Amino acid sequence: MRTSIAPPATRRWPARRRGPASLSGTGPLRRVGVGLMWLIVLANVAGLGWMALQAFRDTRSILATPWGLPKGFSVENFVEAWTVSDFATATWNSTWVTLVSSVLTVAVAAPAAYWLSRQESRLSRGLTLFFVLGLGVPVQVILIPLFVMLNSVRLIDSLVGLNLVYIGLSMPFTVFLLTGFFRSLPAELEEAAALDGASPAGVFWRVMLPMAKGGMLTAFVLQLIGHWNETLLAVTLLHSTENYTLPVALISFVQQQTYSGADWGGLFAGLCIIVLPMLAVYVWLGRRLTEGLTLGMGK
Amino acid sequence: MTTTALPRASSPETRSTPARRGGSLADQRRRLFVPFVGPALLLYVVLFVVPIFGAVWISFHKWAGSGPMTWSGIDNYRGLVADPLFRQSLGNTLKLLFVVGIAIFVLSFAMALVLRDMAGRKIVRSVIFFPHLVNALVYGILVGFIFNPDGLANSILKPLGVDAPPQWLAQDNLFPLIMVTMVWMTTGYYTTILMAGVDRIPPYYYEDCALAGANAWQRLRHVILPLTWDVFGVCAVLWTISSVKIFEIIWIFGASNGTGVPPAQTWTAAVYTYVTAFSGDSIPAYGAATASAVLSLFLVTVLVVLLRRVMRRDVIEF
Amino acid sequence: MATRVGRARWSTRLAAGVAAAVALALTGCSGSAAEQSGKEFTYWSMWKSGEPQQKVLADAIADFEQQHNVKIKVQWQGRTNLQKLVPALNTNDVPDLVDGPYLKMYPALAATKQALGLGEAYATQVDGKPAGELIPAKLLQNINIKYPDGQPWMLPYQIQSDAVWFNAAKHPELKTNPPKTWGEFIALLDRLKAAGETPIAADGDVAGYNAAYFGTMVLRESGPGALMKLASDKSGAAWDDPAVLDAAKKVEQLVKGGYFIKGYQASKFPAQQQKWANNGAALMFMGSWMPTESASYAAAGFEFGSFPFPTTGSQDSQRADVLGFAVPKKAKNAKLAQEFAAFFLGKKYQDASGAEAKMLPIRSDATTAPELADVKATLDNASAYHQQLDGVAFPGYNEKVLSPNDDELFLGKISAEQFVSKMKAAQIAYWKTQN
């Protein structure tokens with residue numbers, strides 16, 4: 001009984017209903033729309049391809065003929081970017097900071113969101129509001145005090161410190177998102193489980209969590225994207241090159257290029273190093289990523 | 001089933017549950033407060049709420065970041081209100097929030113509709129979503145290459161007979177360019193979310209529409225919009241939060257690859273704060289910087305409250 | 001019932017555990033960073049690894065480590081090192097040595113008296129002389145790197161100057177007969193224009209480069225210190241000085257005369273500098289770092305030549321910004337850091353900075369790269385010196401008052417008169433907010 005409550009582990013995207021009645025008509029306007037969509041797709045792909053090709057050329061020829069093709073596929077620019085700016089370390093740092101902070105964020109926020117969504121009292125309403133208020137706070141507000149605080153406990157220039165900050169700062173949004181999500185889940189199942197003798201923690205663990213998988217995946221993916229690209233905090237809180245995350249390494253690489261002679265070839269290679277792993281992950285995760293993103297939004 | 005993701009204090013189930021459930025489960029659950037909510041609350045308070053109060057405290061001082069802090073009352077705030085640059089920066093933040101926001105939503109919605117039953121929609125969705133995964137810095141760097149006087153854009157225009165191309169990167173054009181880039185980056189993301197909303201609409205609604213002879217506009221007005229309204233609400237809040245923080249794209253766009261301070265026309269409130277504290281060209285004014293951040297916080301709070309008021313309406317259940 | 005009690009206890013225990021863990025994270029960690037003996041120190045460098053000057057410094061560090069049997073922990077942070085230093089100064093975890101140009105060091109360290117007096121470094125023997133004597137005193141006439149009690153807080157190791165740069169291979173005549181006065185300069189620009197060559201390149205997106213024109217013009221009109229006096233006038237009346245308007249008018253003359261390269265209002269640095277280095281324009285007014293920055297993309301056979309910014313009257317001071325080391329007051333290994341700072345003034349490293357890094361070493365007896373020979377000669381013969389923007393660094397003044405208005409003037413959006421009146425109003429408003 002208890003186990004049958006949980007929906008199947010792999011929750012499929014609702015089967016698409018391509019009904020006979022098209023949503024937006026079939027007129028010429030629609031045909032233009034479809035054409036535009038493909039044009040945008042083309043522009044995106046072409047832009048990416050162009051960037052990748054330029055990474056194999058040297059600065060002089062890039063400047064002379066920006067539309068030119070590389071003469072060969074020499075990896076010189078990539079080696080330069082990888083070694084000089086130490087993107088290797090930065091990639092590793094970014095990867096583990098992003099993963100750890102995203103996982104912990106969801107792990108900490110989910111029970112809180114569950115409790116707040118199920119408890120009907122002045123305390124829970126007040127606390128929910130308290131979390132939601134944090135949503136409107138731009139990072140720049142707490143940048144300076146945060147720096148001073150972390151510095152006094154020696155967590156400045158530390159990836160552990162950055163991790164903590166990411167988790168703390170993700171609380172309002174994740175709690176907000178998951179509270180809404182848990183609220184949308186029916187309470188009847190919990191009651192049935194409770195009648196079966198499950199403890200509240202057990203109800204949460206065995207009944208609610210499996211049902212909330214979609215929402216938690218959404219929260220996780222949103223944090224993943226956010227933390228991977230986060231720049232302002234990382235650039236302020238990290239000093240040493242061995243702690244740089246990718247965005248910080250990129251800024252530092254750009255500055256270096258600017259001061260010691262703009263090397264556009266190396267710069268394009270650097271951009272590729274930032275973008276291509278994202279592309280690889282995206283191709284690999286593919287649908288799961290976009291679907292996880294949208295699952296919790298609707299149902 | 002209610003489908004809103006916005007936490008509402010009195011959604012039907014939660015109101016009905018205590019009465020029915022009464023005793024043990026709710027009681028026992030209440031006792032889980034510390035292990036369940038404790039860690040989140042602690043992290044949130046220590047790393048978020050305390051710094052906010054710290055910021056308010058600092059904003060009443062004159063402080064160069066190190067050395068003595070001297071109490072200066074509301075001088076920092078008075079200075080900000082009098083500073084036309086601050087007003088302009090705040091205006092830019094609002095432009096990003098509203099102009100770019102509306103553009104994104106109109107485009108995303110249109111795209112979601114077009115994509116719904118288009119051949120190859122999966123590929124298209126995947127491709128248009130991807131720009132969102134790319135760090136804004138990358139666009140900032142590329143844009144210089146594309147829009148410089150000898151850049152790619154002009155090299156396309158030249159063969160077309162355009163001898164006097166627009167001065168893309170002139171200071172006055174930079175901010176519009178940033179706004180366009182933001183739209184490019186973000187539209188795919190919201191399209192993906194809205195598509196989920198549109199896909200959720202059961203097909204019999206369209207069949208009913210077809211039977212009733214509704215035209216495309218009526219279908220949009222009476223079926224699609226109302227049924228996706230809650231998703232719009234979530235998206236609106238998401239955009240409000242992220243638009244206020246926009247920083248790195250402006251920093252790299254205008255500031256010659258991070259070597260200087262971007263031109264004042266492009267500053268947002270976030271950039272204003274950062275420049276005041278960290279520009280490195282003059283004595284840091286941490287007090288004024290935090291004051292400007294606190295002011296923008298106030299503004300955002302008001303906006304979010306208003307937005308949620310406007311977006312709140314009855315959710316149609318289906 | 002029993003289970004419920006057990007569960008409650010479990011939850012309290014968990015909560016206590018979490019609280020303890022966080023408390024430990026917040027306070028306990030501070031004990032773990034053990035204090036080091038005097039046998040090592042940290043240095044936050046303004047150079048990025050790979051830059052020519054960084055390589056010279058790295059050599060010096062390796063030599064110093066070997067000779068003194070110490071360890072120097074270097075972070076090649078780049079130009080934002082001082083921005084990162086400021087908040088760190090509130091704690092006990094500060095680097096022992098930093099470097100940067102005076103214009104950034106002063107606001108970050110000296111204005112708040114956070115820099116240590118460097119008496120020891122100045123007294124350290126370098127090549128048989130106290131290090132302090134190796135720094136030419138005449139360069140420091142208008143740069144105050146001393147506290148009121150006479151203790152210097154900075155040990156300069158490099159000079160930055162500026163000049164009007166050109167390709168000497170293409171314009172050998174400018175090498176032998178450079179324009180000296182404003183009239184000659186304008187005549188040269190007209191000649192270049194008539195010959196179909198773009199006279200001046202500029203990247204209009206870098207506010208600091210734009211302001212160098214107006215700033216230098218004011219100093220040419222009224223001498224070193226004039227810009228500082230102008231900016232610090234709380235009443236704004238100093239802007240009524242006809243010499244100020246004249247300086248602005250000369251900038252306007254360059255703009256309206258169409259001497260700047262097409263598209264300078266809408267480029268992203270270093271686009272126009274790259275064009276200049278490929279003979280897209282004849283001249284470019286830029287710092288002495290120009291050869292280092294643009295050599296990698298300069299046209300084949302490009303030969304760096306330069307002449308000083310033309311005079312508009314009797315004033316002919318040269319820009320001499322100093323760049324050097326400072327030690328924060330809270331540094332734990334200040335003695336060793338000072339020793340290294342002095343060590344870097346050794347002839348070997350000064351020569352390498354000049355010859356290999358193509359910088360201007362502070363020691364006048366150090367080698368100079370051929371590209372910088374003209375600049376060096378001008379500096380040696382100059383009678384007076386000034387700093388970039390005359391050392392103006394009031395909080396937010398450059399970014400919020402000068403740059404926005406000067407950009408409008410330099411990019412041709414407002415006239416000289418409008419610029420002066422806007423500056424006057426903005427400056428009055430600025431000083432009102434500064435108590």
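What follows is a conversation about a predicted model and its chains A, B and C.

Colleague: Which conventions apply here?
Modeller: Residues are numbered from 1 along each chain as its sequence is written, while chains are lettered from A and ligands numbered from 1 in the order in which they are written. As this is a predicted model, local features need pLDDT of at least 70 and side-chain atom pairs count only at pLDDT 80 or more, whereas totals for chains, interfaces and linings use all residues.

Colleague: How many helices and strands are there in chain A?
Modeller: Chain A has 15 helices and 0 strands. Helices (H or I, at least four residues) and strands (E, at least two) are DSSP runs, numbered from the N terminus.

Colleague: And what share of chain A is buried?
Modeller: Of the 299 residues in chain A, 51% are buried. A residue is buried if 20 or more other C-beta atoms, placed from the backbone, lie within 10 Å of its own, exposed if 12 or fewer, and partly exposed in between.

Colleague: Where does helix α8 of chain A bend?
Modeller: The bend in α8(A) is about 45° and lies at A:M171, with a proline, A:P172, following within four residues. The bend at a residue is the angle between axes fitted to the seven residues ending there and the seven starting there.

Colleague: What span should that helix have, at 1.5 Å a residue?
Modeller: The 26 residues of α8(A), residues 159-184, should span 38 Å, and the end C-alpha atoms are 36 Å apart, which agrees. The expected span is 1.5 Å times one less than the number of residues. In α8(A), 24 of the 26 residues are buried.

Colleague: Why is A:A52 classed as partly exposed?
Modeller: A:A52 is partly exposed because 17 other C-beta atoms lie within 10 Å. A:A52 is found in helix α2 (residues 28-54) of chain A, and its C-alpha atom is separated by 37 Å from that of A:L177, 125 residues apart along the chain.

Colleague: Turning to chain B, what is its secondary structure?
Modeller: Chain B comes to 14 helices and 2 strands. Helix α7(B), residues 136-147, reaches 17 Å from its first C-alpha to its last, close to the 16 Å expected. Since 12 of its 12 residues are buried, α7(B) is largely enclosed by the rest of the structure; among them are B:Y139, B:G140 and B:F147.

Colleague: How many residues of chain B are in contact with chain C?
Modeller: 43 residues of chain B are in contact with 47 residues of chain C; two residues are in contact if their C-beta atoms, placed from the backbone, lie within 7 Å. The largest share of the chain B side, 5 residues, comes from α3(B).

Colleague: In what order do the 6 strands of the chain C sheet run?
Modeller: The order in this open sheet is β2-β1-β3-β11-β6-β12, and the pairing is mixed. Two strands pair if DSSP finds at least two bridges between them. The edge strands are β2 and β12 (360-361) of chain C, each pairing on one side only.

Colleague: Which strands there run antiparallel?
Modeller: Strands β6(C), residues 155-160, and β11(C), residues 321-326, run antiparallel and are joined by 5 bridges, with C:Q158 opposite C:L323. By contrast, β1(C), residues 40-45, and β2(C), residues 71-76, pair in the parallel sense over 6 bridges; there C:W44 has C:Q75 as its bridge partner.
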